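Subject: Structure for you to look at

Hello,

Here is the structure I promised to pass on. Please open it and keep it beside you as you read.

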Amino acid sequence: TYPGIFEQQVSDLFNHTADPLLLAICGEYLLRIGNKYHQQIVQKCSGLPPADSSQVHLNRLISRVQSLSGSQPVPSLKELLYHTYFDSAVVVFSLQRKNRNYPGIALVRDKKGHFVKDDSGNFFAIPQLARSISNLPGYISNGNTPQGIFRMYGTAVSKSNFIGPTPNIQLTMPVEASLQHFINDSTITDTAWTWQHYRNLLPGNWKNFAPVYEAYFAGRAGRTEIIAHGSTVDPAYYKGQSYYPLTPTLGCLCTMELWSGTDGKRMFSDQQRLVDALARAGGANGYYLVVEIDDAQRPVELKDVVEWLHQ
């Protein structure tokens, strides 16, 4: 969150800690300073003994270092948008920038494969923030929402005062849920998750696109309880930020809501609009895909992707 300001303190902690999660957080901070720590990070992570899910943090950090030397081009968005995930699956696409300080947009595809439109006849699209307060990468708990596929299975109302009473969309990550539930196939007898199970859900060229596996590795590392929700947090706290009036979370997908300071009632809710769009699409039963489309330094807008929706 404060690149460079605490370089010495974080560097000292990185050199002395053996805790994989703490080491990964330190490593990510140092990566934002520049490339002078790359070799040191790889050497330290490679030298620690494996320890179940903790090893995922170390492997992901090494992968992050390697990806900085050259990123993969994003495959065809059309292939992802029109892929059949399972019969009658409703699919939400949350299209984001690599820089999560800029909001993305959420689109809804109905169970017949058509993108939902609003009352004006335009494609339904609402701003959605996938940035956490920490701005850490998605494989770390409470970091940004990881890229990839989430299983969507209905709505619920949170008891959290920060999320509020508007229905949220329930999601599970790979590994967090059983294979039978995630893949929507009760005949599956496997009980152990592998990356191949996740890979089989992806369309052709996306199977080899490493960033979209972040959700799988986040689940493998122990991340849980990511949902798509509204917000009762006062946006005034973030005035001046590039994502204002949206508010960051602990790693969930967040839409904008405004509440009266007089009587506490809801005045505006993109979250309710999203839930209503899902109802028109056939219900919240299917998948929720989070994908970074590019590194443009501005919010994602419908005009950026509308050409694919017409196809």
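This is a predicted model: local features need pLDDT of at least 70, side-chain atom pairs count only at pLDDT 80 or more; totals for chains, interfaces and linings use all residues.

**Two packed helices**

Helix α1 covers residues 7–16, and helix α2 covers residues 20–31. Two packed helices are described by the angle between their axes and the distance between the axes. For α1 and α2 the angle is about 145°, and the axes lie 9 Å apart. Their crossing is left-handed. From α1, the contact uses E7, V10, S11, L13 and F14. From α2, it uses L22, L23, C26, G27, Y29 and L30. By class, these contact residues are 8 nonpolar, 2 polar and 1 charged.

**A cavity**

Next, look for empty space inside. Rolling a probe the size of a water molecule over the atoms shows where such space is left. How many cavities of 30 Å³ or more are there? The count is 1. The largest cavity has a volume of about 40 Å³. Its lining includes S231, V233 and P235. P245, L246 and T247 also line the largest cavity, as do T255, M256 and E257. That lining has 5 nonpolar, 3 polar and 1 charged residues.

Last, find Q272. This residue sits in helix α9, which spans residues 270–281. Which residues does Q272 touch, leaving aside neighbours within four places in sequence? They are T166, P167 and R266. With R266 there is a polar contact, side chain to side chain, at 3.3 Å.

Best wishes

Conventions:
Residues are numbered from 1 along each chain as its sequence is written. Side-chain values use heavy atoms; hydrogens and water are left out. On a 1 Å grid over the protein atoms alone, a cavity is a set of points where a 1.4 Å probe fits but cannot get out, and a pocket is an open set with protein on both sides within 12 Å along at least five of seven lines; lining residues have an atom within 4 Å of a point. Grid points are joined across faces, edges and corners, and a volume is the space filled by probe spheres set on the points. Ala, Val, Leu, Ile, Met, Phe, Trp, Tyr, Cys and Pro count as nonpolar, Asp, Glu, Lys and Arg as charged, and the others, Gly among them, as polar. Helices (H or I, at least four residues) and strands (E, at least two) are DSSP runs, numbered from the N terminus. A polar contact is a pair of N or O atoms within 3.5 Å; within protein, one must be able to donate a hydrogen and the other to accept it, and residues adjacent in sequence count only if both atoms are side-chain atoms. Contact means heavy atoms within 4.5 Å. Axes are lines fitted to C-alpha atoms, for helices over the stretch in contact, and angles run from 0 to 180 degrees between N-to-C directions. A crossing is left-handed if the near helix is turned anticlockwise from the far one by less than a right angle, and right-handed if clockwise.
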